[in-house]
Each structure stands twice: as structure tokens, then as C-alpha cells.
Amino acid sequence: MKEYMFYNPVRYLFGSGVIGKLGDHAAALGKKALLVTTPGTMARFGSRIGDILTAADVEYQVFTDVQPNPLASGVRAGANLAEQTGCDLIVGLGGGSAMDTAKGIAFLTGKEGGVFDYITGKRTGTTALPIICITTTAGTGSEGNATAVFTNDETLDKKGLVNPLIYPKVSFIDSDFMATLPKDLIAGPGCDALFHAFESYLSKDRHPISEMYSLEAMRLSIENLPKVYHNPADTEAWDKVILANTLAGIAIGCAGTTVPHALGQPVSGLLNVAHSDSLVCLYPAFMKFTAQAAPERFAVLARLLGCDTAGKTAGEAAEMSIGAMTEFLKGIDAYKKLSQFGVTEAHIDRLAEGATTMMKVVLNKNPIVPTLEQVKELYRESL
Ligand SMILES: [Fe+2]
């Protein structure tokens, strides 16, 4: 049997109202927190979080300069603020961008250079400030792994810092935050979580433990994402959607993602397209390209998506999954094309170059690895 390893040192707190326990955990980890979030999330939840920290005698400084596709310069600015104000704990409050920025700041505080110096191996680091993640969307799963994705200011390349030092010490997964999410912040991140689950299930780096997380996350997402999209007050379904998100985050921490994430990151970096939007556009073409390279796995997806695969071969069932996914996306208003986001034929060479160089490691995890020409074709089909 192939050797494998499972390590996930995060303390997860799940449940409605569990954020009330933030004070005790924060006080155990530091005396002054940098609260990393967006202006919008700060307006919605900042005072509540601030009150909890203050009641626990934890001082805090707010950093709200978090971009949708976080730039390396923003991470440096946050680390500078943490250094200048003596913060010894970083709290990420929000979706993936806020949590990833928090992870980057925790890593970069007290170090020279920019985050890409460490991503590319030009510099190395051996310490990071403790991190608390509070997820306010159910999508990226960043609260469950040691990855944080950033955009290089100069090249617009998007790439992840992957380092065990940036596992959150504690992650709060509180369904109370989800009740007031706008529809587009339900469907998009929800699809990202489902895609994390499926891509980690397909990945060449999967192992028996990651597979367990992937499968349960797929099942929970497919059953419950449409429910919360159409009825955001369905708290029972939300409990399952946010669990799926975290399980999928753990799964990608083990097995990574595949072609859609490899091709989606350059789109987000170059044209500032939301991560989940780039993925939903690429999914049908990716599925057509990959289905027959892993028919049993696509057949499992088909069954989870509700296809009647009785009497079908794995290959036939795999083909059924492609149409079923398109219908699933349409059912939550998430079926989109890259041209809607300004991507044109003229961008394809540059995007394909990014996908096959910066994202090569991710691309190689797919059951069938596309050539440069095939990558261009996948983009073209998704326009
Ligand atoms: Fe993702």
C-alpha cells in the first residue's frame, strides 16, 4: 500500500452561537489580536467580535484592507501593522480572503520580505503567530488547512503558501454567521466547497482518510446547498453545509485540488474574478475532459447528484455526471461562462501559461494531465 500521512492540529468549534467561546480561546493564545477582515464584514460582525475580545481582556487592532483576491502587498501591510502595534495573535474573520490574509500576516509578522519570497523558497521561516479563524461564509474551507492563496502584485500570478505553521490554532464554524448571507455568497462559496470535495476525491494525492472527508463533504453539499440557497433560514441545512465546507477544507489540505483550481487561479489573478466564479465557468469543460480517465469516481458523483445509474457502465454513469452538474449549478443560479467576466480569446495564451507553470503541481494531480494545447482548449470551451 502507498504510504500516506494525516495531520490536522486544528481545534474546531461547531454550532450556533459557539462564537461566544472566542474570548477564552483568544486569551489563552495572546494579549493583543490583529482582527483581519473586510470593511463589510467588520460592519456586520466587528462590534460583536470586539466586545467578546474586550470582555476577555484581549486588546485588538483592526486591519480591514483585505482584497477579494488578496495581494502580497496587503499581507505585508498587515504584518507591518501587527509589528508596529505589538499584536501577538491574528484573528481572521470572514471568507477565504480574510482567513488567508490572516494566515499570511501571522506568518510574515517579524520576518523580512514579502510572502512570495517564502512561497517560492527564496526565504524560509520557522515561526508564525497563533491564528484563530472565524468563517462567515461556507466556501473556502481555509479554517481547516495550512494553505493561504495570494496574488503577486507585479506578475498577477496567484499561488498558495502551504506551511504547517499556518494551521489555525482554533477555528469557529458558527452557523449564526450564515443566516444573513446574500445569495451570491451562498451559491459561489458553496460550489467552491463542493468542488474541493470532488477534486480532492479525484486527486492522485488522495488517501483513505482524505477520501472519507471528500465523500461526506460531497454528499452533504449536494443535498443541502440548494436548500440553503432557496431558504437561507433553514438552519438544519446550514449546519450540514458548513460542516461540508470544513470537511472539504481538510480534504484539500491532504489531497489538494485538480484542473479547475489550476486553471481558475490565473483567471482570478489576471482579471480579479471571484475564485468560485472562475471555477463554475471551467467545471463543465473539465468534467468532459476528465470523466473517462476516472469513470468510477465520476459515477459516484453522478449518483450523488441524483442520476439513476442502474444498469449503466461506469463510463456511461460518468458521462451522466456532466449534465447533472450543469443542472445542479443552474438550480442555484451558478452556471456561468468566462466571457461574462471579461475573459476573451486574447487572454487564453497568458492564462494557459500561468496554469501550466505556476499551477503545474495542482494540474498534475488530475487523473489525466492536460497538455498546454489542451489547457487552451479547456479555457476556449469555457468562454
Ligand atoms: Fe477553492
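At what angle do the axes of helix α1 and helix α2 cross? In this predicted model, where local features need pLDDT of at least 70 and side-chain atom pairs count only at pLDDT 80 or more, totals for chains, interfaces and linings use all residues. Residues are numbered from 1 along each chain as its sequence is written. The axes of α1 (residues 22–29) and α2 (residues 39–55) cross at roughly 55° and come within 8 Å; axes are lines fitted to C-alpha atoms, for helices over the stretch in contact, and angles run from 0 to 180 degrees between N-to-C directions. α1 is therefore oblique to α2, where angles under 35 degrees count as roughly parallel, over 145 as roughly antiparallel, 65 to 115 as roughly perpendicular and the rest as oblique. The crossing of these two helices, α1 and α2, is right-handed, a crossing being left-handed if the near helix is turned anticlockwise from the far one by less than a right angle, and right-handed if clockwise. Leu22, Gly23 and Ala26 of α1 make the contact with Ile49, Ile52, Leu53 and Ala55 of α2 (C-beta atoms, placed from the backbone, within 7 Å). This contact has 6 nonpolar residues, 1 polar residue and no charged residues; Ala, Val, Leu, Ile, Met, Phe, Trp, Tyr, Cys and Pro count as nonpolar, Asp, Glu, Lys and Arg as charged, and the others, Gly among them, as polar.

Residues of α6 including Ile186, Leu194 and Phe198 meet residues of α7, among them Leu215, Met218 and Ile222. By class, the contact of α6 with α7 has 14 nonpolar, 5 polar and 1 charged residues.

At the level of the chain, the secondary structure comprises 15 helices and 8 strands (DSSP runs of H or I, at least four residues, and of E, at least two, numbered from the N terminus). The C-alpha atoms fill a box of roughly 65 × 45 × 45 Å along the principal axes.

The chain is divided into domain 1 (11–178) and domain 2 (184–381), with bounds from an automatic or database domain assignment. The domain centres, taken over C-alpha atoms, are separated by 26 Å. Domain 1 contributes 26 residues to the contact and domain 2 contributes 31 residues. On the side of domain 1 that touches domain 2, β1 (11–14), β6 (147–151) and β7 (158–162) each supply at least two residues.

Technical notes. Contact = placed C-beta atoms within 7 Å.
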